[in-house]
Amino acid sequence: MRRTAITGIGVVAPGGVTRDAFWETLVSGRSATRRITFFDAAEFRSQIAAECDFDPQAAGLRPQEVRRMDRYVQFAVAAAIEAVADSGLDLAGEDRERVGVALGSAVGGTTLLESEYVAVSDGGSDWLVDPDYASPHVYQGFVPSALASEVSVRFGAQGPSAVVSTGCTSGIDAIGYGHQMIQDGEADIVLSGAAESGISPISMACFDPIRATSARNDEAHSAARPFDRERDGFVMGEGGAVLVLEELGRARARGAHVYCEISGYAGRGNAFHMTGLRPDGLEMSEAILDAMRQGDHVPADIDYVNAHGSGTRQNDVHETAAIKRALGDHAYRIPVSSIKSMVGHSLGGIGAIEMAACALAIEHGVAPPTANLTQSDPECDLDYTPLVARRLPIDVALSTGSGFGGFQSAMILSREAA
Amino acid sequence: MITSVPRRDRRAVITGIGVIAPNGIGTDAWWAATTAGTSGIGRITRFDPSRYATQFAGEVDGFEAVDYIARRLTMQTDRWTWMGLAAAGMALDDASFRPAEHDPYSMGVITASSSGGNEFGQVEIQALWSKGASHVGAYQSIAWFYAATTGQISIRYGMKGACGVVVSEGAGGLDALAHGRRAVLRGVDTIVSGGVEAPIGPYALTCQMATGRLSSIAEATAYRPFDERATGYVPGEGGAILLIEDLESARRRGATSIYGEILGYGATHDGHHPWSLPPDARQLTRAVALALRDARIEPEEIDVVFADGAGSRGWDDLEEQALHAALGAHAANVPVSVPKTMTGRMYAGGASLDVASALFSMRHGVIPPAVHVDRPAAGCGLDIVREASRAADVRTALVVARGYGGFNSALVLRRTSDCPSPPTPTGGPDESSTLHL
């Protein structure tokens with residue numbers, strides 16, 4: 001059986017671009033949420049977000065790439081550059097027909113699409129729009145497949161390439177897709193992860209009417225507080241992460257540093273509601289159990305749970321139930337945390353950022369905390385690692401994701417087994 | 001039992017097909033039109049296209065969402081999702097598959113999308129910028145994103161198994177079916193797959209025109225792949241939703257209509273440039289060769305090719321070269337068709353509909369034509385089925401699809417009655433590292 005190793009990690013996240021800065025944000029328990037600076041959000045219900053202070057040129061992008069790529073694509077390319085460097089691979093010397101790409105995004109080129117629309121519709125006044133005012137690159141915003149094609153092009157990767165777009169589980173699902181490409185022998189190396197840049201008026205506006213996002217505008221820095229009794233929704237984030245997935249045998253043969261391997265991945269639908277969750281957490285627990293079966297894991301193996309932890313009441317209750325249903329009493333004995341309390345919820349991007357966090361948690365033996373969690377919701381009775389990172393040996397980390405459409409995903413990373 | 005790797009005792013077959021196409025709603029109307037060479041391409045009627053260089057498209061006339069779904073749901077979803085839900089219902093009916101009778105976790109939904117609920121999105125962006133943030137509707141968040149159709153199908157039919165959405169522009173239809181096969185081979189019994197697209201709106205057309213690949217000839221015959229007068233393509237809306245099942249579980253439930261098996265799949269990327277032609281046809285060639293290898297068949301076994309047919313000289317030439325390189329001498333003899341000439345290119349829906357065409361060709365022994373290709377480019381060297389459909393005994397079909405940005409995919413399908421009885425191992429781990437052509 002072909003196994004999937006993680007041999008490189010690249011991250012663009014709020015609070016600090018690059019893998020090391022990201023990890024520093026997490027272990028310090030620092031929240032990167034703030035009042036939105038990208039546009040005037042005064043008329044919005046939610047006016048806060050976790051923005052990246054991202055300089056594409058400093059991250060290694062060329063001027064023409066900056067011109068044609070929407071921000072989320074830039075995140076992915078920057079993260080991929082860092083991940084490949086981290087892996088020690090010299091792709092120019094590899095058989096690039098065996099290098100694939102699998103990347104996730106929930107809303108794709110929304111930011112570019114919106115800014116272009118403002119121009120071609122003359123401020124939203126002309127439904128028939130004037131195509132003469134469109135940028136030559138607007139199609140890159142129309143189809144999120146641009147995310148995968150740009151990364152394939154950047155690295156000359158000629159293996160299979162695709163975008164997975166399953167809303168807020170896109171990050172986990174894209175890495176699951178890349179993992180299956182390696183298992184099935186379609187590629188030996190896959191650049192896999194996700195990116196999102198949804199801090200734009202239309203994306204913020206669409207969560208306002210359903211009150212999914214936090215309105216703690218006067219406490220922007222502490223607004224993201226999953227599992228806390230005072231939480232009132234998620235805080236929008238942006239960013240991305242790319243992992244180098246590599247067939248374990250070849251990673252060992254070249255003496256690569258193996259962070260961990262993917263020992264299980266599964267997805268389920270709740271087939272219930274596009275945005276609603278039942279409190280029993282049933283389908284998410286099924287995804288967790290399926291992922292555990294694949295790695296021959298029992299509950300006692302799991303050392304840390306990186307929760308979806310969006311900070312909406314229904315998620316926190318649903319997810320707590322799912323973890324308990326899947327892990328039984330063991331759920332009470334291990335740290336659970338939500339890094340969305342620090343880097344916000346970057347929709348389709350966050351799942352990959354969280355997988356990077358899990359790999360780094362195994363690497364460093366540290367469970368990142370849930371920031372801003374001062375008093376747990378009475379219905380949420382697990383150990384959510386409040387405020388302060390915790391040092392402990394972590395051999396097996398579970399990450400969960402939940403999103404619109406009813407999708408529930410789970411992935412397990414394990415320290416490399418013999 | 002769900003497993004982490006493909007099981008060799010499982011085979012992914014297609015048991016149901018639902019079609020929404022510019023030249024016919026439902027498989028009966030669509031196949032009758034397709035084999036008759038009847039095109040659904042005309043001047044755009046859904047909005048006034050006067051100010052656009054491209055004014056022709058394949059629109060699905062007479063499609064009423066409320067014929068298929070509750071009015072309340074139509075308010076919450078884009079035209080793209082209406083078509084997806086309608087086609088999914090048709091596919092389930094076609095297969096006589098009743099979801100309520102099955103374990104919810106044994107069923108999943110994996111579709112392709114390229115532009116999501118783009119028209120719904122245009123409405124809401126317009127509302128935001130002309131009237132203000134409070135005028136953005138509550139359903140924008142669930143109607144616009146690319147996963148809306150998969151989510152709605154999953155909810156409507158109570159399907160709780162693996163769910164997914166694959167985006168690779170025009171290659172997506174094949175990639176979604178291949179991902180559906182992955183799920184079936186890993187133990188999910190039934191996957192609703194395929195894809196539809198609804199890209200005929202003012203802003204959507206503006207975005208597509210920016211690629212420079214659309215024809216600006218204002219005639220219904222503008223899209224002529226492999227023709228010396230090729231000037232680009234016209235867009236179309238619609239596509240096909242297909243029901244993939246494990247062969248054994250399909251037989252166990254007494255499925256009577258099994259179209260064919262997904263026997264092989266190959267995908268590559270040009271890895272060259274975000275929009276320009278690659279220097280050669282190597283990666284498209286490799287996608288076809290990988291699909292043949294995955295299917296464990298020789299080129300001579302291919303009875304028909306449904307080509308990508310980009311409709312512009314450079315891209316058509318590359319595809320012709322790829323077919324020659326991958327199929328060898330057989331490339332000159334095998335019939336090649338592009339029924340998309342009757343619908344326009346439907347992005348995520350296009351390759352899905354080509355798979356439907358391949359399966360109907362097997363069942364009915366007839367290959368539909370590529371219409372308006374009356375002057376094949378000099379030296380084309382392909383046997384293009386032109387103007388009229390052709391009778392043929394089709395056991396094995398190859399479908400080729402490409403996506404803007406460099407995506408290449410190929411799928412091999414085999415008529416189920418011609419599948420050998422012992423399980424054919426497909427999609428399993430393959431240790432050989434490189435295909436040298």
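## Helix axes and the model

Axes here are lines fitted to C-alpha atoms, for helices over the stretch in contact, and angles run from 0 to 180 degrees between N-to-C directions. Helices (H or I, at least four residues) and strands (E, at least two) are DSSP runs, numbered from the N terminus.

This is a predicted model, in which local features need pLDDT of at least 70 and side-chain atom pairs count only at pLDDT 80 or more, while totals for chains, interfaces and linings use all residues. Residues are numbered from 1 along each chain as its sequence is written, and chains are lettered from A and ligands numbered from 1 in the order in which they are written.

## Two helices of chain A

Let's start with helix α10 (residues 282-294) of chain A, which packs against helix α11 (residues 313-327) of chain A at an angle of about 40°, the two axes being 8 Å apart. α10(A) and α11(A) are therefore oblique to each other; angles under 35 degrees count as roughly parallel, over 145 as roughly antiparallel, 65 to 115 as roughly perpendicular and the rest as oblique. Their crossing is right-handed, meaning that the near helix is turned clockwise from the far one by less than a right angle.

On the α10(A) side you will find A:Met284, A:Ser285, A:Ile288 and A:Leu289, which meet A:His318, A:Glu319, A:Ala322, A:Arg325 and A:Ala326 in α11(A). Residues are in contact if their C-beta atoms, placed from the backbone, lie within 7 Å. By class, this contact has 5 nonpolar, 2 polar and 2 charged residues (Ala, Val, Leu, Ile, Met, Phe, Trp, Tyr, Cys and Pro count as nonpolar, Asp, Glu, Lys and Arg as charged, and the others, Gly among them, as polar).

## The domains of chain A

Chain A is assigned domain 1 (4-253) and domain 2 (264-407), with bounds from an automatic or database domain assignment. Their C-alpha centres lie 21 Å apart, and the contact takes 60 residues from domain 1 of chain A and 54 residues from domain 2 of chain A.

On the domain 1 side, α7(A) gives the most, with 8 residues. By class, that side has 29 nonpolar, 23 polar and 8 charged residues.

## The domains of chain B

Chain B is divided into domain 1 (12-252) and domain 2 (263-416), and the C-alpha centres of these domains lie 21 Å apart. Here 59 residues of domain 1 of chain B are in contact with 58 residues of domain 2 of chain B. The largest share of the domain 1 side, 7 residues, comes from α7(B).

α7(B) also crosses helix α12 (residues 348-364) of chain B at roughly 65°, with axes that come within 6 Å. α7(B) and α12(B) are therefore roughly perpendicular to each other. B:Gly172, B:Gly173, B:Leu174 and B:Leu177 of α7(B) make this contact with residues of α12(B) including B:Ala348, B:Gly349 and B:Val355. The contact divides into 5 nonpolar, 5 polar and no charged residues.

## Where the chains meet

Between the chains, 84 residues of chain A are in contact with 77 residues of chain B. α6 (146-155) of chain A is one of the elements that supply at least two residues to the chain A side, and the largest share, 6 residues, comes from α6(A). The chain A side divides into 39 nonpolar, 27 polar and 18 charged residues.

Notes: Two residues are in contact if their C-beta atoms, placed from the backbone, lie within 7 Å.
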